[in-house]
Amino acid sequence: QARLVEFGGGLVQDGGSLRLSCVLSGSQIVGYATGWFRQAPGKDREFVGAINWSGDSTHYKESLEGRFTISRDNAKNTVYLRMNSLKREDTAVYYCAASEYYGVGQKYVFWGQGTQVTVSS
């Protein structure tokens, strides 16, 4: 069974940085793209960005591009989300998810449990 587990959330000051990790397991998701999503209190879940299996292609929510970077190390079965210049509005539960195909609008079929990121002033 595919499993995704997020690590690295926590409390960070406004303007700080944080790196989230998503550890992947299960043969079903070999070759899958991985996406990051977030959900702030009282808001819908939104797409943050995604990376293909080989790690040579990424795309992001336009407003986050330049501050957020996704990378992966398949030898460690891990996908990373690096977040810089964090703002209070980045406070949310962050989720990673796996999709059979890479690209805009793909369906994500396996999800992690989420990790809380809180940005304080």
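Buried means under 20% relative accessible area, exposed means over 50%, and partly exposed lies in between, using a 1.4 Å probe and protein chains only. This is a predicted model: local features need pLDDT of at least 70, side-chain atom pairs count only at pLDDT 80 or more, and totals for chains, interfaces and linings use all residues. Residues are numbered from 1 along each chain as its sequence is written, and side-chain values use heavy atoms, with hydrogens and water left out.

**View 1. A disulfide joins Cys 22 to Cys 96.**
A disulfide is counted when two cysteine sulfur atoms lie within 2.5 Å. The structure holds one. Its S to S distance is 2.1 Å. The link of Cys 22 and Cys 96 is right-handed, with 70° about the S-S bond. Cys 22 sits in strand β3 and Cys 96 in strand β9, so the pair links distant parts of the chain, 74 residues apart. Strands (E, at least two residues) and helices (H or I, at least four) are DSSP runs, numbered from the N terminus. Is Cys 22 buried or exposed? Cys 22 counts as buried because its relative accessibility is 0%. Cys 96 is also buried, with a relative accessible area of 0%.

**View 2. The largest nonpolar core has 28 residues.**
A nonpolar core is a set of buried Ala, Val, Leu, Ile, Met, Phe, Trp, Tyr and Cys residues, joined through side-chain atoms within 4.5 Å. Which residues touch the most other members? They are Trp 36, Leu 81, Met 83 and Tyr 94. Several strands each supply at least two residues of this core: β3 (18–25), β5 (46–51), β7 (68–73), β8 (78–83), β9 (92–99) and β11 (115–120).

**View 3. Met 83 and the residues it touches.**
Contact means heavy atoms within 4.5 Å. Residues up to four places away in sequence are not counted here. Met 83 touches Gly 16, Ser 17, Leu 18 and Leu 20, among others. Its contacts also include Arg 67, Phe 68, Tyr 94 and Val 117.

**View 4. Arg 38 forms salt bridges with Glu 46 and with Asp 90.**
A salt bridge is a side-chain nitrogen of Lys or Arg within 4 Å of a carboxyl oxygen of Asp or Glu. By this rule the count comes to four. For Glu 46 and Arg 38, the closest N and O atoms are 2.5 Å apart. For Arg 38 and Asp 90, the closest N and O atoms are 2.9 Å apart. Arg 38 lies in strand β4 (residues 33–39) and Asp 90 in the loop between β8 and β9, so the pair ties together parts that are 52 residues apart in sequence. Both Arg 38 and Asp 90 are buried. For Arg 38, the relative accessible area is 7%. Glu 46 counts as partly exposed, because its relative accessibility is 25%.

**View 5. Lys 61 forms a salt bridge with Glu 46.**
The closest N and O atoms of this pair are 3.4 Å apart. Lys 61 is in the loop between β6 and β7, and Glu 46 is in strand β5, 15 residues apart. Lys 61 is partly exposed, with a relative accessible area of 28%. Which residues do salt bridges with shared partners join into one network? They are Arg 38, Glu 46, Lys 61, Arg 67 and Asp 90.
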